[in-house]
Amino acid sequence: MTSDVAKLDVAKLATLKGRAATFQPDNRFERLQYVPDEPSRLAYGNDDGALPSRYVVDTSQTALVKNTSPDIPFTYGLNPYRGCEHGCAYCYARQTHEYLGLSSGLDFETVILTKPNIASLLDTELRRPKWQPQVVSMSGVTDCYQPLERKLQLTRGCLEVFAAFRNPVAIITKNHLVTRDLDLLQELSEFSCVSVGISLTTLNEDLRSKLEPRTSTAMRRLDAVRKLREAGVQVGVMIAPIIPGLNDHEIVSLLEAAADAGAQFAGMGIVQLPYSVKDVFVDWLNVHYPERAGRVLNRIREVHGGKLNDPRFHTRTKGEGRYAEQLWQLFRVSRKRVGLDQKLRTLTPEHFAVPDAQGRHAHQPSLFELALVKESSIRPS
């Protein structure tokens, strides 16, 4: 697969609307790199400074992906999309686009792979005798409610399958669009089969619009928390990533806002910048916050042993050292104070059942059978 976007000039890229990446890092797996003679934003973007997205069909024949990382709390994940238009400058998933021959920069935000048959694939995999019912994570890599989901509804299709099988699913998203599927989330909730985590990074709208350009605002995310809680769906927030020197001062206010909205739990993670992700983030920082760039990068190095990324399991999202411990202590104390450390309802696969072709389970009578029972109950003896 080739990129539609060349390596562009940083100064020009700073004016691209709705994009966080400021350049195209070289793909570490490619021997040849394309460098245009005359870099120009307008050669690739629209006249108004916007860079359009391109959508490509992903022909993968599996829906579920197995995870072997010891510090990720699920074994199977499901991602309807590869690449993400949310375009978060810090996103650790950017590097995954390099496996496709693309760049972790603008390609990750503009070349989106979709899996149109993912719901059908999921149905097939859950029907297999070897499937052991368990919690599946959605958005473990890219957001399952990114903008394209409004049109394609691939995530909704997968939720319909999970609901039919009563297989538990854990969702994390930055998009208010999750509230569109309240009907399915409520159905799953009746069997303790769903939990939703809303990613909440900052209450500063100016920072949010630069750091996470195509995501829902913080107020919309908090509204999603409120609506999910009112619907009886287990919901919490993920205060992540905490970027030392940029949004770490918001930990308390983020937790308070989440509690006021009705969140039931909260988690936290410290930024990780693997491979070319660090290059994307550093350039973004220099473009948008040049006066703070040095302090932010030094703070990140401080919690990662002198580097911008620590690849070791169990420490990569937790950090280490005195400053990291201060952040975690503040988080734990504040979370307890606002009541977001309560015991949660455990997601369970005990209600899992394989539906028939009509979506019914063995113990479920058809509408016709129910009608016969009703008629016999009122028929005089």
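1. Basis of the model. The model is a predicted one, in which local features need pLDDT of at least 70 and side-chain atom pairs count only at pLDDT 80 or more, while totals for chains, interfaces and linings use all residues. Residues are numbered from 1 along each chain as its sequence is written, and side-chain values use heavy atoms, with hydrogens and water left out.

2. Overall make-up. The secondary structure of the protein comes to 13 helices and 10 strands, where helices (H or I, at least four residues) and strands (E, at least two) are DSSP runs numbered from the N terminus. Of the 381 residues in the protein, 52% are buried, a term that stands for under 20% relative accessible area, with exposed meaning over 50% and partly exposed in between (1.4 Å probe, protein chains only). The accessible surface comes to about 17800 Å², and carbon and sulfur atoms hold 52% of that surface; these areas come from the Shrake-Rupley method with a 1.4 Å probe, and for residues only the protein chains shown count as cover. Among contacts (heavy atoms within 4.5 Å) between residues at least 6 apart in sequence, 80% join residues at least 24 apart.

3. The sheet. Seven strands form an open sheet with mixed pairing, in the order β2-β3-β6-β7-β8-β9-β10, and two strands are taken to pair if DSSP finds at least two bridges between them. At the edges stand β2 (64-66) and β10 (266-270), each of which has a single partner strand, so one side of each is left without a neighbour in the sheet. Direction ignored, neighbouring strands of this sheet are turned by 25° against each other on average. Strand β9 (residues 235-242) and β10 run parallel and are joined by four bridges, and isoleucine 239 has methionine 268 in β10 as its bridge partner.

4. Helices across the sheet strands. Helix α6 (residues 182-189) lies across β7 (169-173) and β8 (194-199), and runs at about 130° to β8. Helix α8 (residues 218-230), in turn, lies across β8 and β9 and runs at about 160° to β8. For these angles, axes are lines fitted to C-alpha atoms, for helices over the stretch in contact, and the angles run from 0 to 180 degrees between N-to-C directions.

5. A buried threonine. Threonine 155 is found in helix α5 (residues 154-165) and counts as buried because its relative accessible area is 0%. Leaving aside residues up to four places away in sequence, threonine 155 touches Pro80, Tyr81, Met138, Cys144, Tyr145 and Glu149.

6. Aromatic pairs. Rings of Phe, Tyr and Trp (its six-membered ring) pair if their centres lie within 6.5 Å, and planes under 30 degrees apart count as stacked, over 60 as edge-to-face and the rest as tilted. By this rule the count comes to five aromatic pairs. The pair of phenylalanine 281 and tryptophan 284 is stacked, because the ring centres are 5.7 Å apart and the planes stand at 25°. Tryptophan 284 also forms a tilted pair with tyrosine 289, at 5.7 Å centre to centre and 55° between the planes. Phe281, Trp284 and Tyr289 form one aromatic cluster; tryptophan 284 is buried at 0% relative accessibility, and tyrosine 289 is buried at 8%.

7. Charges over rings. The charged end of arginine 292 sits over the ring of tyrosine 289, 5.3 Å from its centre, which rests on a rule that NZ of Lys or CZ of Arg is within 6 Å of the ring centre and within 35 degrees of the ring normal. Arginine 299 lies over the face of tyrosine 323, at 3.9 Å from the ring centre.
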